[in-house]
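This report goes through selected features of one protein model. Please keep the sequence and the structure in view while reading.

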Amino acid sequence: MHSNLGSLLGLAAMLPLASASFEGNLNYQPPSARSSHINLGLSLPLITSRTLKRSLVAYQPSELNFTHGVASGDPYPNSVIIWTRVAPTAESDRSNVTVAETVELYSHVTEKYIKADANPICVEWKVWESQKGYNGTAEGPLRRSGKAYTTSDIDFTIKVEADGLEPWTLYSYQFSVCGSNITSPVGRTKTAPAENAEVDEVKLAVFSCSNHAKGFFNVYGNAARKDKHDYVVHLGDYIYEDASSGPRAHKPANKLFTLYDYRTRHGQYRTDNDLQLLAQNYAWIPTWDDHEFANNGYRDGFSALNNTEASFRNDGPSISVDTRKINAVRAYFEWMPIRQVDLDDNLRIWRNFRMGKLLDLIIIDTRNYDRSITSTGNNDAYIEAIRDDPSRTLMGGRQEKWFFRQLSESKQRSATWRVVGNQIVFSRILDAKGVLTGTDNWSGYVASRNRTLQHLYDNNISDNVFLSGDSHQNWVSDLAWLGTKPYDAATGSGAIGVEFAGTAVTSSGPSGTIATVQKATKTKVDDNPELQWQEGYYRGYFHLSIKKSKIDAQFFGSPSVATRNGWDLPLANFTVLARDNHLQRPVGGGRVEAGSLKGGKTVGTNVTLDTNGWKWKKVGFEKMFAI
């Protein structure tokens, strides 16, 4: 123990600085300033008082490590969020102080707070401009620096808004333990273009559905090594809440309910080498889907937990739907490089990024904000009966109005493109009998889709691109309002935009061989006039090159996620010309590597790029998934 008068005076002198630095760490602020969400924030006077009332022995720098790499996200023209975690162990904190109750200012410390480790850890951060000639680790001109503290209350995470930066500029950043040579890896990030700037090109890498237990996150590494994009867009299911076993078994080994559960799962995912590489070198713009919480969520529950006493007592460890959501949200905001926006009356993640005059990237939440009931595994007949109900909503009235306003304002400010980051497949998909399929995507909420299409058509809002995930398959469609507006499938005339829906990073898709899966995709393409390409065998991602004149989309697949490898298979390429509002014909240039293409042919070559050695080779794997 070093509990002498000197250390007491030193710690007391540090208190004002510690309080200010706590405020600098965004993870100490509530995601919403509204009192209804105050329990998601932390009491700064309480935390600093706990610092004094606990053991006076602070962690020594030699006891600390940057346990989970670095990350950045939510780029604005003059700022970006940078993130890390510094802790004595990779193990997450078991305290639930941040979600247990409303923390009163100046309250006395009680036993439940003592169980959490509140020794403040001091971290310095700096951001410097990356210039040609710098190798990524050598430091260019210093642009911003600062200091922040963290404690076990927020699982030792650090999240800082580095502001005062220049638009559309590449930066490097790094964290260090104060007064030591213990440093994090060097990260790389990029600010957004100024809102009214003329920008030649913005490039996005788009991902969804990354299940750690199903396999290795190979496509994260492939995209990072290729270095062909500015930003990462993750459309959700970034983590999964299940208790899967196998060689990459989930931790903890149970379904997620508690704050500790969700923290631990986020921590496990950030130990993946390829995820760390992609997070370290690119700013992410993420949204959540359902599995960041639990399967098939809606405003009042999930597929395996609902707001009834019976479900509360029998479907989980006596944790309510609302408590489970608060735990999931708390962990997500601690562990993701995302801005804490004003939530108004619910848990808001929807937001907009204006990237010059080139595009608006509009991120919506079709899962958790104010969603009407969805399929829960035992109510499919009911959902089928009400899918056309005009009162059903995917987003809730407030978000829907905001969404429509963003689309209209984007047109008014003369942005060339409106790119919508959305969790679930938007386009209508019919089966062989002409029956609408899917109750957990937009097809289960027909009125929401119709209102969206009506807003686009009635206001002549063109050049729309929907990005979708969730389905674990690839779908490329013209956006058309069939049965209401004329549409020519041969030319694309009559469409109001396109949809690029991507497969999963690792999550499982249709079972069978490449040939059997391709046969099923042909049936879907034949049965749906707006659906131009469908593919379900490969795991993968897609890349968007957005220019004023056109958007080019390139889809890539991983031939196997059962092992860690760098193989990257080009699957298909598509182009959308500005003001055309449909895919350029012939679609995909008339040829794809896999799946089924309307009016074109499939030529499977298996010629694949090794992103570790930069050589092309024909490869094949007998096993796709780890389990």
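## An aromatic pair

Phe-217 has 0% relative accessibility, so this residue counts as buried (buried means under 20% relative accessible area, exposed over 50%, partly exposed in between, with a 1.4 Å probe and protein chains only). Tyr-220 also counts as buried because its relative accessibility is 0%. The model is predicted: local features need pLDDT of at least 70 and side-chain atom pairs count only at pLDDT 80 or more, while totals for chains, interfaces and linings use all residues. Residues are numbered from 1 along each chain as its sequence is written, and side-chain values use heavy atoms, with hydrogens and water left out.

The whole structure contains 30 aromatic pairs. Rings of Phe, Tyr and Trp (its six-membered ring) pair if their centres lie within 6.5 Å; planes under 30 degrees apart count as stacked, over 60 as edge-to-face and the rest as tilted. Phe-217 and Tyr-220 are an edge-to-face pair, with 5.3 Å from centre to centre and 65° between the planes. In Phe-403 and Phe-404 the ring centres are 5.9 Å apart and the planes lie at 40°, so this pair is tilted. Phe-403 is buried, with a relative accessible area of 0%, and Phe-404 is buried at 14%. Ring pairs also join Phe-207, Phe-217, Tyr-220, Tyr-238, Tyr-269, Trp-284, Tyr-541 and Phe-556 into a cluster.

## Helix H5

Tyr-220 belongs to helix H5, where Asn-218, Val-219, Gly-221, Asn-222, Ala-223, Ala-224 and Lys-226 are also among the buried residues. Helices (H or I, at least four residues) and strands (E, at least two) are DSSP runs, numbered from the N terminus. H5 covers residues 218-226, and eight of its nine residues are buried. Asp-227 follows the helix and has a positive phi, near 55°.

## The disulfide

How many disulfides does the structure hold? There is one, formed by Cys-122 and Cys-178 with their sulfur atoms 1.9 Å apart (a disulfide is a pair of cysteine sulfur atoms within 2.5 Å). The torsion about the S-S bond of Cys-122 and Cys-178 is about -60°, so the disulfide is left-handed. The two cysteines are 56 residues apart and link distant parts of the chain: Cys-122 is in strand E3 (residues 121-129), and Cys-178 is in the loop between strand E6 (170-177) and strand E7 (187-190). Both Cys-122 and Cys-178 are buried.

## Thr-191

Thr-191 lies in the loop between E7 and strand E8 (201-207). Thr-191 counts as buried because its relative accessibility is 0%. Its side chain reaches the backbone nitrogen of Trp-168 at 3.0 Å. Leaving aside neighbours within four places in sequence, Thr-191 is in contact (heavy atoms within 4.5 Å) with residues including Pro-75, Leu-165, Trp-168 and Tyr-231.

## Nonpolar cores

A nonpolar core is a set of buried Ala, Val, Leu, Ile, Met, Phe, Trp, Tyr and Cys residues joined through side-chain atoms within 4.5 Å. The largest one has 47 residues, of which Trp-417, Phe-500 and Phe-574 touch the most other members. Strand E22 (residues 567-577) gives the most to this core, with five residues. A second, separate core has 45 residues, including Tyr-238, Tyr-240, Ala-279 and Tyr-282.

## Charges over rings

Tyr-282 has the charged end of Arg-188 over its ring, 5.0 Å from the centre. A charge sits over a ring if NZ of Lys or CZ of Arg is within 6 Å of the ring centre and within 35 degrees of the ring normal. Arg-392 lies over the face of Tyr-445, at 4.1 Å from the ring centre.

Definitions and conventions. A polar contact is a pair of N or O atoms within 3.5 Å; within protein, one must be able to donate a hydrogen and the other to accept it, and residues adjacent in sequence count only if both atoms are side-chain atoms.
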